[in-house]
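Colleague: I am new to this protein and would like a close look at a single part of it. Please take the time to go through that part in one answer.

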Amino acid sequence: MSRILIIEDETALLRALADSFRFESYEVLTAEDGEAGLRLVRERKPDLVILDLMLPRMSGYEVCRKLRAEGIEIPILMLTARGEEADRVVGLDLGADDYVTKPFSVRELGARVRALLRRAGRLHTLPDSLHFGDVMVDFRSYVARKGERVLDLTRKEFQLLRILVARAPDAVTRDELLDEVWGQDCYPTTRTVDTHVANLRVKLADNAQEPRHLVTVHGVGYRWSP
Ligand code: CA
């Protein structure tokens, strides 16, 4: 699961956010000032930072600027107070990826965090190829083979497999798979995902009764197991 760092000096808010993200199964790190936050980013390498702008010791701007100057490209979501419009613009200029204005709902913040993590995952970790057993899949050229035999995978099957492999060992929900693979281009249902996974299992010779690689996570979706 993803590790997020929350840097916020309002203790009650920090605690509420940390509890809520932990409840969603994130690993949560916290810091109450800019310097401590910056140190945690360097030492613990979180996947995403939620960064308050007005902080003791070192402001959110300064944290953001330093991280980007060091070439650290993790997503940064800024928390700003109402009326800090100009501040937001500066923050985005300094390399923040998104912002949420206080007061905000925890649900909205959660949705923004998921979107940023998804985008970051897509940009950085999509694999070019996959090898397991005697199967070889090249995601760039859309070629798949099992031994010498060419596997006839559809474009959607390639894309679905690529995302599951990229996110492994995490499970990916059916809704996320629909977003990532089908996007806006037709009107699929979550059933569409199930059908494609079933077809992929047949083509990759993964046992449908007891799949080893394309594993069903009941009530959630699927995950790739190498
Ligand atoms: Ca503050």
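Colleague: Which residues of the largest nonpolar core touch the most other members?

Modeller: This is a predicted model, in which local features need pLDDT of at least 70, side-chain atom pairs count only at pLDDT 80 or more, and totals for chains, interfaces and linings use all residues. Residues are numbered from 1 along each chain as its sequence is written, and side-chain values use heavy atoms, with hydrogens and water left out.

A nonpolar core here is a set of buried Ala, Val, Leu, Ile, Met, Phe, Trp, Tyr and Cys residues joined through side-chain atoms within 4.5 Å; buried means under 20% relative accessible area (1.4 Å probe, protein chains only). The largest such core has 26 residues, and L130, V137, L161, L177, L204, L214 and W224 touch the most other members. At least two residues each are supplied by the strands β6 (129-132), β7 (135-138) and β12 (221-224), and by the helices α6 (155-167), α7 (174-182) and α8 (190-203). Helices (H or I, at least four residues) and strands (E, at least two) are DSSP runs, numbered from the N terminus. Helix α6 gives the largest share of this core, 6 residues. Another core, of 21 residues, lies apart from it, and includes I7, L29, L55 and I74.

Leaving aside neighbours within four places in sequence, V137 is in contact (heavy atoms within 4.5 Å) with D128, S129, L130, V143, A144, F158 and L161.

As for the whole protein, an automatic or database domain assignment divides it into domain 1 (3-123) and domain 2 (129-224). Their C-alpha centres lie 33 Å apart.

How values were computed: Buried < 20%, exposed > 50% of the residue type's maximum accessible area, 1.4 Å probe, protein only.
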